[in-house]
Structure formats: structure tokens, C-alpha cells
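Subject: Structure handover

Hello,

The structure we discussed is below, with the sequence. My notes on it follow; please read them with the structure open.

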Amino acid sequence: METRHLEDSKVTSGHEGLEPHRTRRVVLDVNGKLWSLELECRTTLAEALREHLGLKGTKIGCNRAECGTCTVIMDGRAVYSCTVLAVEAAGKRIQTIEGLAECGKLHPLQKLFIQYDALQCGYCTPGIIMSLKALLDRGSNITRGDIREAIAGNYCRCGSFPNIEKAVEDFVRRQPDT
Amino acid sequence: MNATQVQEIKPQLLVEGWVPPPLGRDFTVVGKPLDRLDAPEKVTGKANYAGDVSLPGMLHAKILRSPYPHAKVRRIDLSRAKEVSGVKAILTKDNTQGWYTYWYKVAQPAFPETVSYVGHEVAAVAAEDIDAARNALKLIEVDYERLPAVFDAEEAVRPGAPQVTVTDLPNPEPSSYGPTEPNIGNIYAGRPSVLTRGDIKRGFQEADVILEKVYRTPSQHHGTLQTRTCVADWNGDTLTVYESCQGVWKAKEDLAWSLKLPPEKVIVKVRYQGGGFGSKSGAQRFVHYAARLSMETKRPVRLELTRAEEFVSHPRRPSSVVYLKTGAKRDGTLTAMYGKAIVNIGAGGGYRPFINQLIGPPFLMYKCPNAYFEQWGVHTNLQYTGPTRSPLNVSSCCCVEAHIDEVADAVGMDPLEFRLKNYTPYADQVKMTPFSSKKLDVAMRCVTEAIGWSRRKEHAFLQNNMSKRCGIGMASYIFQGVGINPCKANAEVVIKKDGTIELHAAIVEIGAGSMTTLAMIAAEELGVPVEDIRVMYGDSEAGPYAPGTHASRIVPEMGPAVLQAAADARQKMFEVLAEFFKIDASQLRSAEGWIYLGSDSSKKVRFKDVCGLIGDKTIVGRGSRARNPGSGYPIRGENPVEGPVNFATFGASAVEVEVDVETGKVRVLRVATAHEFGRALNPKFCDSQHYGGVLMGIGMGLLEEPSTDKKTGIMLNTDLHQYRMPTALDMPLEIIPFNVEGDDGFFAYSAKGGGEGTNSAIPAAIRNAIYNAVGVWMYEYPMTRERILAALAEKAATGR
């Protein structure tokens, strides 16, 4: 009997042979709130956010650090949360798309995204906004090249990039000179 | 006049029954760059896509796929897989005999006896968690009998080639995508589609210049950021599916047929959708498995395809090889056009509407008395093919618009001038059937002027010794998809006594802004601000039958239906007011939230304030689209121009590129691109469609190419690093969009739609600009660095 399977081991978190899964208590600082979670060590930050904290604004598009939809900010840097383990994120400051609007009031960047139609299907939007937030938090004198580089790791198949650039350029123009 | 000239038809809004009168005032909503109504949820992460749905007791499913391109499934042993803790159900061909999945009404065996591509479904597992499902998958033992396979279309038509097992069942229904006639060998329907007029033999004799070339276009994957995901929930009576598809009603029908359920027992919900581009028009195969597993286990079942599965399992754009031969006189007059297109349609899928889509554009776009084109659909042991943003339009454009530039060059004419010289306003040049509107000439002039066509130096490469050289090129297109008969599209507008106005439009918002656009039509017609409209959408229960959001159908099909529904509701509202105010309903007008009671504009009442007068007799305005009087889309009609008038949208793109002759890298610096929307209902959304078209066009033109192992038929680049889609860094520094408008009385405020076509001309325009920059004609897409360098090396070696 000939048995072979189409190999997709590279695709999702396959962890045969690790059972019973080791767990660990992890304290995550997400959007300024602390969460104590009992997680399997293999749990990615994306899984922890989505499955354990119910923060489903962080999307998953490839689960292997290629598409950028899962981007969140960790200690000021944009990271792919699908390839950061939750245990690695412990003690670090995590910001997700849910933390951007304060008391239901949209962040200016979110408003500009709407104004410039910088989104279509919206699936990549949370990741792109977080990539840009990390850029904008880092400093001033942001150029168009900086904007492009900041989202070079985020796919947008709908092609919203020109509008995204316009939205961010407008945001930068509105900031007081530093 | 020609005796066969078609009877003229008066433009009239394409609706059933009552035709609403013209608005009679300036637009107050339409034409304004309003924000998307669903944007706040999308920028805050509150938008819940199918993958974000989690139901109590939900199981997780995985699919076992064939590792072989062609094999008989002899025996499947589940004994070990069943023992995995947490496994609840396993489906295979053995326990689902006679079960079909549906794709555009085409029945395909859910688990075929013979698998015909790598990735074809063999089994489906549902388990308590994803690990158990994966583990079970690995323990399913399948005994395959391997069969010879063929992957190349030209090889597949040679005598003695392996015979592909095609499992799509024939379906004579015109709106089905299935075959109507039996295949002969690997040839779809056993013959090519043919478009012909005049006498090409004579045409070639009359020519001063004859050019003959071969072009190759690749498959293209949709690359939606959301992989196919669904949650199916059978409660013992009704099946509810949270889907990621582009059409809730279509998916509802597909699932009802497949699972033998009455349609009213199937509910499909797609509130947010993470990208479609044609790949998810109705229910796709994967959702059928989740649904059946849910029915078997009586538990909700979640199925999410991995990125690699996404690549191998969905119907992608077919690849093609196209032979073109054209004759022209020295003055640029076309005398004969011949073409033969061989389209690799894989193991099956949705080829039927595209049987003449590759050869249609040159046949329709250029004035030429003698033309003969044939298009062959050829089955191979590659994955299914199907709709992908401008399915074969873009492939056609890649070849024909490349060829036209070469013919222009051969007779020493400017490519724009050549296109304008051979321009025709007619869809059928013999019968002189008109297009309802055609502004391609305007589009071509807009883009060439914006790109700075006058800066374009003929054979710029001759004067340039720099390693990075710039060039300018253009291309144009037709998209024949302004409604697809039978154009079943319905809408309702409800006005309640508390002032609530609801638009019921059971469409899916896939990102083009259709939901907001339809709300704008309703708001305009009612005379209220768009914020006052609550749109019920993204749910098969949201309203009467509506088409899927694909083929640019929503605006041309749902537009007239929504306009009629809103006008109907407004008239009913006016009648209520007329009775109350004791005036004639015909004197009432509405705009911007006010209802004017006669010609004195100070006599007005707020729309919302007077809704109380409705009482308990809630107003329901209804709208239904009528059929296109002619063909709008060539579904199995051999002739793409039937009936008294033809509908199409047109467009053109002009690009400026920089080619690095040392590395072969092509950068698209600037793009000017135009699409004939008829009316840009929301110009902001139209611009966004241009940008999306540019991105997908650059992808097909320069970067994206599925790579298949020639021995095993396995796709090698099933990830987003190696299947390279354009990123922000690949986008031009400047894109100048043009939304071409013009009267077209058949559609809602003349809006013919768009979005689908906008990528069509980009690859060919880049290709023509590359010639202008470095003097090589490229014949194979995508024009990767390797291909550019090879072409430059050949030019250096041969001096040509």
C-alpha cells in the first residue's frame, strides 16, 4: 500500500510528539491592562490575543511571518504576532488595534484612514495601522520612503497603498514640529 | 444603410415594471466622495470576519488532499485515524457516495474516485481541536493507483497525451459554469470557440505588413489576505454558515443543492469579507465539507484553509498561449486579424463563461473587416481554474495590446494614433450593433496626456547609454461584464413610522464599497442623507435574491433595482403625505432630508418627522432588475454581441517605467489609468479600484507566477514569500486615476460599474514601456528580471 500525504507541515503549528503540552503562567500587558493566563508554551502571541483574550482585531493571514496581518506593537516595535511566542511577550508592552481608539474616540490615524479610503476589504487594515503606529511613535521627519518601508511587510491585496500613504502624510503634516 | 442593421433601442432603466422618472434635480449624494459606512469597524478591529466567529461546542476540521496529480483512489483505511482521541467524524468517498459540491451550479464529486490534481480532496475530518484533526489526517491510509498526468496545455492536445479525468458534470443551464458538450480528448467541449467575420485570406493579401507572434500569460492567484474560512452550524433543522464568500444567495443555493436541503433551511452570513477578486463567488468546495461535517456531528464546525492550501485548492486564473497574426496597410489600416488561443483550464472549474473571453477583446475593439479567432480550452492535471479579476480579459490584453504596439511599430505609427485610427464605436461591426456607451477614446486620451505622451521618444533606447533607462507605454481594454443575464437582482427599501429607513440588499461587501454605494443610490432617490439609511446586507436573510459581488455586477445589476425600490418607497411615502396635507402627490419633492410640499421651497417638512404618518402600514418599496436586452457577458453564447445593444466598460492605462539593464529590474514609476464607470457614484471608491487594479496588474506583469514541478505537478511556491505579490515598495510613485463618465440611460444614474477591469491594461502597458525603454519586446509574462536579462542578451547577440 502506497501512502503519502501532501506536505503542509510548514503551514500551521503542528506539534505532534509534544503531548502532553507543557503550560506556563504568563502575564501579558495588553493595551495597558495586565492579563494572567495559563498557556501552552507553544501558544503564539497572536493565538493568545485572539483565542484567550478575545482580541480578534489582530488577524491571521499566513501564520508564518509573511503577510503582516497579525502585526502588533511590542515594546514600541511592530512585530508579527504569529511568530512571537506568548511566553516571549511576557513582561513586554503589547499594543493591538483595539487599544488605539480611546473611550470610543477614534485615533487621528484611524480617522484619516477612513477619510482617505485607505482600506477596502479591511482584513490587512489592523496590521497596517499598527505598523504605521510604531513608525509614527518612533519619531519625526517621517518621509514617504519611511512610510513605504514601515508597511513593506504588510500585504494589501486590494491595493490601498496610495491612499494609506496619503493618510499618513496628512497625519504627519498635522503634527506639531518637534 | 446595411439591411442587417440592428433596430435601435431606446435607453431605459433596466428594471421590471414601473420605470422611475428622472430625478429632476441635481445630485445631493451621488458623485460625492463619501466615507465607507463600514469603515469605523474596519479601522478599529471590530469587524468580525468568518474566522473570528467562535461558537460553543465548535469542532475543527481539516481536509486530506491528494499528493498526486492523477490517481485512482483505490482504498482508504480509516481504522487508525478513527482512534485518535477527539475525532468526531471522517468523510471520504466511501461514506458519501453520490455527494456533489456545487460551483456556479456545476456539480463536482466531493470526493472523486479519481483525483485529477495535487490538492484534490480525499477526506475531511472534524475533531475537538485542530491538533486531533491534523493527527487523524496523517493516519488516514490511502491506496492510490497512479495515472499518467499532463500539465502543459500544448502537450495535452498532442496525440497520445495522458487523458485528464474531468469530474465536472455537464450542465446545460445557461447560467451554469459547467460544460454543455462532451470533451473530446482533453479539449473542452471537443472544439474551439470561434469568432469570425469577413475573409482573412483576402485581408492578408491586401496587407502591406504582416506580423506573426506568440505570447504567453501565466496563471495568477487571487492572494486574498483572508484564507478561505467558514463556520458551519447545523442545529438539526437549519444550516447556518458564517462564510467568507462573495455571494450569500449563491452560496445558499449551492449548499442547498449539495446537501439536499430546502433553500429556506440554509442561511449564509458574510458580514465582512477579507478579499475575493472572483475566487469566492459562491460556496467554494471547502465550505461543503464543513457543512456536511456539522450535519454529521450536530456540532458547529470551523474550517480554515492554510495559506498553502489556499494556493493549491482554489480556482485560479488560467494560463494561456496565444498566437496572433495581423495584417495592416502602410497607413495603419488593419486588413486582417487572426488569433489562436490555447487556454490551460486545469482539471476543471468555471471555464464556460470564458470560452471566448480571450479572443473577444481583439474581435470587438479593433475596426478590421476580416477577422478570425479561435480559443481552445484544454484540460490538464493542474488545479481548477476560474474567475480572477478580469479572468481572461487581462490575459487577452497582455497579448493583444502587446501585439498592436508591434504592428504600429512595424508600420511606423505612434501606438496611440494607431489605436485611434482603428477605433470602432460598434460592438458588431457587420450588423453595426452599438455599445450602450463607449468612451474608450476619451480614456486613451486622458491617460496618455497625463503620463506625458509627448515626452515619449520613439525608440528611446537608441539614444540612451545609461544602465537605468526610462520608457513610456500604453494599453487599452474592454470588459464585457455589465450585468450577467438573467440579471436576477432585487432590493427592498423599508420606511417605518419611527423614521427608520432600511435598504435590504443581500449582497456581500467585499471591499469595493458596494454596500455604501447602494446606500447612496437609495439616499439620492429618497432625498435623505446616506447616514439615515440602515443597510441590511451580508446575509442571505437580509433581502430578496441578489447577485454575488463579482464581475463588477453590483452597480449595474443592483443599482437599477435599488433605485427602483427607493423610488417606489418614496412615491408611497408621498402618497401618505398627499392624503394628510390634501395635496397632489405629484407636487411633492424630496432632497437632503426634506420633503417639499409644492413649488414654494419654504413649505417643507423633515422626512424623519413625518414618518409617523405612515402608522402601522410600514412602507415597502420594491425593485427588480430586468434582463439585459442583449448579451452582456458571453456565457456560452458563441457570439459576444447578441441583441440590439451591447454593454461593456472600457479603459486604458499608460505607464512610465525604469528598466535596469544590469539587473533586469523593472520599476513602474508612474501610472495614469482610466476606467469608464459611466457614473462615478462615489469617486473615492472608484479611485481605490484603480489602485487595486494597478497593484494586481503589476503583480501579473512583473512578479507573480505559480511554479509547478514538471514531473510531479506539485506547486512549489505555495507561500507569500515565493509567490511574490506587490508590496508598498512595488507600487508606482504616482498613480493618476481617471473616472470616465457619460450618459447611459440603461443604468442607475448611468453607473455601469467597474473594479474588475482596472487591472487589465497594466501588464501590457508595462511591456510596451519596456520596449520603449530598452528596445526588447517581451513575449512571456510575468516579465521577471531573468526574462528581461535573457531578452536583452538575445538582443545583444542577434543585434535585433
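Into which domains is chain B divided? Chain B has domain 1 (50-147 + 228-304), domain 2 (319-483 + 632-798) and domain 3 (487-624), with bounds that come from an automatic or database domain assignment.

Some conventions. This is a predicted model, in which local features need pLDDT of at least 70 and side-chain atom pairs count only at pLDDT 80 or more, while totals for chains, interfaces and linings use all residues. Residues are numbered from 1 along each chain as its sequence is written, and chains are lettered from A and ligands numbered from 1 in the order in which they are written.

Confidence in chain A

Over residues 1-18 of chain A, pLDDT stays under 50. Where pLDDT is low, the predicted coordinates should not be read in detail.

Chain A

Chain A contains 6 helices and 5 strands, in the order β-β-α-β-β-α-β-α-α-α-α along the sequence. Helices (H or I, at least four residues) and strands (E, at least two) are DSSP runs, numbered from the N terminus. Of the 178 residues in chain A, 49% are buried. A residue counts as buried if 20 or more other C-beta atoms lie within 10 Å of its own, as exposed if 12 or fewer do, and as partly exposed in between, with C-beta atoms placed from the backbone.

The chain is divided into domain 1 (23-99) and domain 2 (108-174), whose C-alpha centres lie 21 Å apart. Between them, 15 residues of domain 1 of chain A are in contact with 13 residues of domain 2 of chain A; contact requires C-beta atoms, placed from the backbone, to lie within 7 Å. On the domain 1 side, β3(A) gives the most, with 3 residues.

The loop between β3 and β4 of chain A holds Asp75(A). Phi of Asp75(A) is near 45°, a positive value in a residue other than glycine. Asp75(A) is exposed, with 12 other C-beta atoms within 10 Å.

Where the chains meet

Here 49 residues of chain A are in contact with 60 residues of chain B. On the chain A side, α3 (108-115), α4 (125-138) and α6 (161-174) each give two or more residues, and α3(A) has the largest share, 4 residues.

Chain B

In chain B, the centres of domain 2 and domain 3, taken over C-alpha atoms, are separated by 39 Å. Contacts between these two domains involve 19 residues of domain 2 of chain B and 18 residues of domain 3 of chain B.

The largest nonpolar core has 305 residues, of which Val562(B) and Ile770(B) touch the most other members. Such a core is a set of buried Ala, Val, Leu, Ile, Met, Phe, Trp, Tyr and Cys residues joined through C-beta atoms within 7 Å. Helix α14 (residues 554-581) of chain B gives the most to this core, with 12 residues. Residues touched by Val562(B) include Ala491(B), Leu503(B) and Gly623(B).

Two cis peptide bonds deserve a look. One joins Asn485(B) and Pro486(B), with omega about 15°; Pro486(B) is in the loop between β20 (468-479) and β21 (490-495) of chain B. Another joins Tyr781(B) and Pro782(B), with omega about -10°.

Regards

Note on methods: pLDDT = per-residue confidence, 0-100. Lists of a residue's contacts leave out its neighbours within four places in sequence.
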